[in-house]
There are 2 protein chains.
Amino acid sequence: MAKSATPEQSNILLAFEGKNKKVPVWFMRQAGRYLPQYQALKANTPLSELFRNPEIAGGITLQPLEILGVDAAILFADILTMPSGMGFKIDFVNGKGPVIANSIHHAGDLSRFGKYSGLEYVSRTIQLVNAVLPPSIPLIGFAGSPYTVATYLCSKHTKMMYENPKAFHQLMHLLTENTIAYLKQQKEAGIKVFQLFDTWAGALRHEDYETFVLPYVQKIFKSIKLPSIYYLKNSAHLMDLMEKSGADMLSVCEVINIKDLKTKKGVQGNFLNSLLYADDKTIVEETQRLLKAAKAKHRKYIFNLSHGVMPDVNPLKLKLIVEEVHKFKWI
Amino acid sequence: MAKSATPEQSNILLAFEGKNKKVPVWFMRQAGRYLPQYQALKANTPLSELFRNPEIAGGITLQPLEILGVDAAILFADILTMPSGMGFKIDFVNGKGPVIANSIHHAGDLSRFGKYSGLEYVSRTIQLVNAVLPPSIPLIGFAGSPYTVATYLCSKHTKMMYENPKAFHQLMHLLTENTIAYLKQQKEAGIKVFQLFDTWAGALRHEDYETFVLPYVQKIFKSIKLPSIYYLKNSAHLMDLMEKSGADMLSVCEVINIKDLKTKKGVQGNFLNSLLYADDKTIVEETQRLLKAAKAKHRKYIFNLSHGVMPDVNPLKLKLIVEEVHKFKWI
């Protein structure tokens with residue numbers, strides 16, 4: 001992709017200031033899985049290789065931009081990329097999720113892990129992508145939230161939380177320090193925005209989220225000086241604490257009714273993923289409905305899904321949404 | 001267990017009328033898995049056999065009563081017991097959840113299934129249990145909610161919901177009719193209370209729950225004239241609709257803060273399962289905290305967990321909770 005001859009301002013970055021005229025749109029997991037171009041690449045190369053090769057990972061990051069017409073690139077990586085640099089032996093098994101050979105069983109296992117290393121390939125990928133991105137398209141970096149990452153690294157994480165809360169806090173602290181370093185590395189390499197992915201903390205009680213999750217999330221958002229997005233799934237009972245996260249934008253899933261959502265932050269997401277299976281008419285109607293609800297209540301809004309794109313989604317459905325979003329008159 | 005010589009009134013049934021002096025307590029999945037007595041039985045017999053043999057299933061239903069001192073027996077069966085009578089070939093694989101050989105892939109598959117048959121063993125189990133239960137201990141029957149059952153029977157149920165909503169409603173209708181017949185059968189055999197288990201409908205948007213779930217749940221509660229409990233996991237965004245279910249008691253998981261819960265119904269549950277891994281002091285404190293919160297806000301309350309007992313739980317922790325609950329002064 002060639003650099004734009006007449007650089008225009010980024011729709012996404014303008015949205016962080018509430019100065020955008022069009023609604024920006026990107027999709028969680030837009031790089032990968034559901035694209036035939038990606039599937040062709042993957043047929044001959046293991047997933048871990050795709051992540052670790054900057055030319056390939058950069059190419060996958062760029063793939064959806066022209067196909068879908070989205071307003072941002074999202075780094076092709078995994079929320080377990082950082083822990084893999086900490087010494088966790090992670091096997092990304094097709095269709096089965098990650099398998100971790102040396103997961104944490106007991107408090108004693110914690111001492112085996114320290115500061116991550118060997119993730120220079122992530123910086124290189126960011127640099128390669130930035131070299132060809134038009135100025136209007138920012139590259140979004142990301143990390144998994146310490147809690148969500150812990151659910152994968154710890155074979156029985158809720159057991160550890162309540163059996164040995166001190167050890168669990170130790171694990172959270174270790175992951176938080178590494179996450180901050182990892183996001184700083186991404187910032188230095190050139191990302192313009194970052195998102196913290198918290199897929200599993202929404203399963204916690206209000207008081208447990210406040211004790212075991214919020215302080216670590218706050219520390220991350222305080223440490224990284226970049227426009228920021230906090231994605232928390234199943235956040236219906238946690239919105240007051242999500243508000244305190246320190247993120248600029250709150251990315252919410254389908255359990256939130258955006259019309260009732262009270263927040264001083266920007267809002268992202270909320271489009272139900274399963275609607276990607278519906279007919280075009282339904283998709284257009286639901287896209288418009290969400291845009292109108294967002295406009296009525298929120299000054300800052302970025303269109304996105306409720307969670308990552310599923311592998312069996314037809315890319316044309318995503319393209320249809322992007323077109324509808326861009327047609328919508330925001331101001 | 002011998003019939004009580006001096007029959008006393010059931011703590012559970014009194015709670016439905018708000019006339020109990022002690023708080024009643026039972027545990028979801030109290031029959032089975034975590035008990036050494038059950039594990040010994042299961043070592044030599046496949047799970048499906050345990051369900052289908054009334055003497056064995058009845059024995060497993062009774063096992064926890066004396067061990068834990070709970071106020072109710074819950075039928076040892078599975079939420080997929082009923083669909084197995086509809087012709088679904090269900091294999092209960094240890095530790096992996098059910099595997100269904102002939103699950104529904106397309107709308108066309110629906111015509112293969114009709115009214116269930118061959119579940120006389122469930123009635124026989126209920127009769128055997130009732131023959132030895134003291135009058136103070138009611139037997140609770142149950143069924144899976146049509147939506148939750150559909151998530152298991154339909155290989156891609158959300159896809160079907162949005163790609164072909166008419167077919168999904170057809171499936172819900174079929175499951176609802178069967179569920180009503182199945183609960184009527186249990187009532188006729190002698191259950192005193194029933195619970196509808198809805199583990200997965202809490203993942204839906206408010207409007208989708210209202211369209212795809214609520215009408216069917218309402219029909220079930222309207223059809224079965226018995227004290228009733230509706231268990232809905234992750235219900236934080238659905239409490240107004242749960243209130244309309246028609247159930248007498250609403251069983252909620254840990255995402256609900258029982259102090260903020262507004263309902264005219266009775267309330268059940270809310271004790272965080274993971275606390276069963278905590279030390280005794282923490283368990284006692286948290287039990288008391290929940291009881292006080294329930295007493296402050298709700299006239300009718302049954303103590304229970306947020307979801308089913310995990311297999312690696314120490315039964316003594318459950319016994320400790322029962323003792324604490326029974327010590328608590330409700331009125």
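**Labels and their cut-offs**

Modeller: Let us begin with Lys184(A), which sits in helix α9 (residues 165-189) of chain A; a helix here is a DSSP run of H or I with at least four residues, a strand a run of E with at least two, both numbered from the N terminus. This is a predicted model, where local features need pLDDT of at least 70 and side-chain atom pairs count only at pLDDT 80 or more, while totals for chains, interfaces and linings use all residues. Residues are numbered from 1 along each chain as its sequence is written, chains are lettered from A and ligands numbered from 1 in the order in which they are written, and side-chain values use heavy atoms, with hydrogens and water left out.

Biologist: Why is Lys184(A) called partly exposed?

Modeller: Buried means under 20% relative accessible area, exposed over 50%, and partly exposed in between (1.4 Å probe, protein chains only). Lys184(A) has 44%, so the label is partly exposed.

Biologist: What makes Glu177(A) and Lys219(A) a salt bridge?

Modeller: A salt bridge needs a side-chain nitrogen of Lys or Arg within 4 Å of a carboxyl oxygen of Asp or Glu. The N to O distance between these two side chains is 2.8 Å, so the pair qualifies. Glu177(A) lies in helix α9 and Lys219(A) in helix α11 (residues 214-223), both of chain A, so the pair ties together parts that are 42 residues apart in sequence. Over all chains, the search finds 26 salt bridges.

Biologist: How do you know that Arg205(B) is buried?

Modeller: The relative accessible area of Arg205(B) is 7%, so Arg205(B) counts as buried. Arg205(B) also forms a salt bridge with Glu207(B), the closest N and O atoms being 3.6 Å apart. Glu207(B), at 27%, is partly exposed.

Biologist: What about Asp109(B): buried or exposed?

Modeller: Buried, since its relative accessible area is 15%. Asp109(B) lies in the loop between β3 (97-100) and α6 (120-132) of chain B. Leaving aside neighbours within four places in sequence, Asp109(B) is in contact with Ser103(B) and Ile104(B), where contact means heavy atoms within 4.5 Å.
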